[in-house]
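Good morning, and thank you for joining. I would like to take a few minutes to walk through one protein model, beginning with a helix and its surroundings.

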Amino acid sequence: VTKMSLEDYLALCKKDPSVYASAAERMLKAIGEPTLVDTSKDSKLSAIFSNRVIRVYETFSDFYGLEEIIEKIVSYFRHSAQGLEESRQILYLVGAVGSAKSSIADRLKDLMEQEPIYCLADAEGNVSPVRESPLGLFNKSDAEMLGVPERAVSYKASPWALKRLKEYGGDLSRFNVIKAHPSLAYQFGIAKVEPGDDNNQDISSLVGKLDIRKLEKFPQDDPDAYSYSGGLCKSNRGVMDFVEMFKAPLKVLHPLLTATQEQNYNGTESIGCIPFDGIVVSHSNFSEWDVFRAKKGVEAFLDRIYTVRVPYCLRVSEEVKVYKKLLNISSLNKAPCAPRTLEMLATFCVMSRIDTSAHHINVKSKIAVYDGDKVKDKDNSAKSYSEYKDLVTKQEGFDGISTRTAYKVLSLVYNYDVEEISADPIHMMLILQNLINQEGY
């Protein structure tokens, strides 16, 4: 944590644009520059990506088989950083169970911790409870004088800051600025919110509430009597992860509309509007998404959501990398594993996920083509990757065996033999047979 005067901060703004960068700009910087991959130079990738040049990001290199999904998520931040419509939308990840939605959200929270933010503080050095930008003290007409773009001063000062401005008699020099890194552990610029009970219509989990212990010193409508404990308060200038957002009652979601569109929201008391310059990320399964879309009067929410459909991996070689990644973080990382064991499980899972409704589809050939292999010499009826994609329904990749279930299968295979912890295709076949019979696949 670094403390500086407001004057020093304003001088820094003229030299370094990252000082007043928005949450999306800082996220984009943390993600880093992509590596451009010319897929025409790789026989496997050329078949899958039609010889296009694709962007690959080192920070998401362990999300296997999700290149296009990651690119769509990064595009959201890129457009948001440019001040386009995405800057006023919620990033919503929807997909089947175990399709890495939560892992992507966790990675975004980790990335947000990398770049520091500059927060307004009072004369004593106490940081604003909503970690607001010091530029909120100025108007849009001051942008040219300050040497910053107009969008940087578009956020209003919080009731906390306005009270102190009045106490200081309008003397801005008494304010200080604190430079600090966002932290999920300390709920500083990053927050995680979970839906409440269906019977509970309380919006305080998002916007905070009155602190009754402070009513001895302050009146009810005093900004200092308010507890800025809501998710929007804690995640200002950073990321708010709203888990299973659409399980929350509709009334609880209303503050998100104004927070994203107008960049401010009202608290539960009449203390004035609280600014919000952050990213709202949510993720859920299709069941919650379908139920919410079927409700009446939710058009405003649907129009403010940037939806990213996260599918299962449909490439056997990439699915194997997922299993190896999971095994490497377990105590099984050094246990013996016979050749083709992981490939067998990956093939089984991918077979359950692909669409075989079209007539005369050779499943084995389709899986090989999806993995970038050339099978024309073995199967004359085999089609190209793009031809197969043209024949499938939108649901391909969103049904079938989840990665989580596959990991459970692996644990059963490794512990099948009472004498040795190891994995082999024979035991894998037995476990998969039992799984099919028990689950009724």
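This is a predicted model: local features need pLDDT of at least 70, side-chain atom pairs count only at pLDDT 80 or more; totals for chains, interfaces and linings use all residues.

Helix α14 itself runs over residues 341-353, 13 residues in total. From its first C-alpha to its last it reaches 19 Å, close to the 18 Å expected at 1.5 Å a residue. Which of its residues are buried? They are Thr341, Leu342, Leu345, Ala346, Phe348, Cys349, Val350 and Arg353.

Let me turn to one of the covering helices, α13. In general, two packed helices are described by the angle between their axes and the distance between the axes. For α13 and α14 the angle is about 120° and the axes are 9 Å apart. Angles of 65 to 115 degrees would count as roughly perpendicular and those over 145 as roughly antiparallel, so this pair is classed as oblique. The crossing of α13 past α14 is right-handed.

Which residues make this contact? On the α13 side they are Val316, Glu319, Val320, Tyr323, Lys324 and Leu327. Their partners in α14 are Leu342, Glu343, Leu345, Ala346, Thr347, Cys349, Val350 and Arg353. Sorted by class, the contact of α13 with α14 has 9 nonpolar, 1 polar and 4 charged residues.

**The protein as a whole**

Stepping back, the protein has 18 helices and 14 strands. Its C-alpha atoms fill a box of roughly 80 × 50 × 50 Å along the principal axes. Of the 441 residues, 51% are buried. Among contacts with a separation of 6 or more, 71% are between residues 24 or more positions apart.

Lys109 lies in helix α5, residues 101-112. Is Lys109 buried or exposed? Its relative accessible area is 3%, and the limit for a buried residue is under 20%, so Lys109 is buried. Setting aside residues up to four places away in sequence, Lys109 touches Leu184, Ile190, Lys192, Val239 and Asp241.

Asp122 lies in the loop between β5 (117-121) and α6 (143-146). Asp122 also counts as buried, at 3% relative accessibility. Beyond its neighbours within four places in sequence, Asp122 is in contact with Trp160, Arg164, Tyr168, Arg174, Phe175 and Asn176. For the pair Asp122 and Trp160, the separation is 38 residues in sequence and 9.6 Å in space, C-alpha to C-alpha.

**Backbone torsions**

I close with the backbone. Most residues other than glycine have a negative phi. Asn51, although not a glycine, has a positive phi of about 65°. Asn51 is placed in the loop between α3 (43-49) and β3 (53-56), and with a relative accessible area of 45% it is partly exposed.

Glu244, likewise a residue other than glycine, has a positive phi near 50°. Where is Glu244 found? Its position is in the loop between β10 (239-243) and α10 (250-261). Glu244 is buried, with a relative accessible area of 19%. Thank you; I welcome your comments.

Terms used
Residues are numbered from 1 along each chain as its sequence is written. Side-chain values use heavy atoms; hydrogens and water are left out. Helices (H or I, at least four residues) and strands (E, at least two) are DSSP runs, numbered from the N terminus. The expected span of a helix is 1.5 Å times one less than its number of residues. Buried means under 20% relative accessible area, exposed over 50%, partly exposed in between (1.4 Å probe, protein chains only). Axes are lines fitted to C-alpha atoms, for helices over the stretch in contact, and angles run from 0 to 180 degrees between N-to-C directions. Angles under 35 degrees count as roughly parallel, over 145 as roughly antiparallel, 65 to 115 as roughly perpendicular and the rest as oblique. A crossing is left-handed if the near helix is turned anticlockwise from the far one by less than a right angle, and right-handed if clockwise. Contact means heavy atoms within 4.5 Å. Ala, Val, Leu, Ile, Met, Phe, Trp, Tyr, Cys and Pro count as nonpolar, Asp, Glu, Lys and Arg as charged, and the others, Gly among them, as polar.
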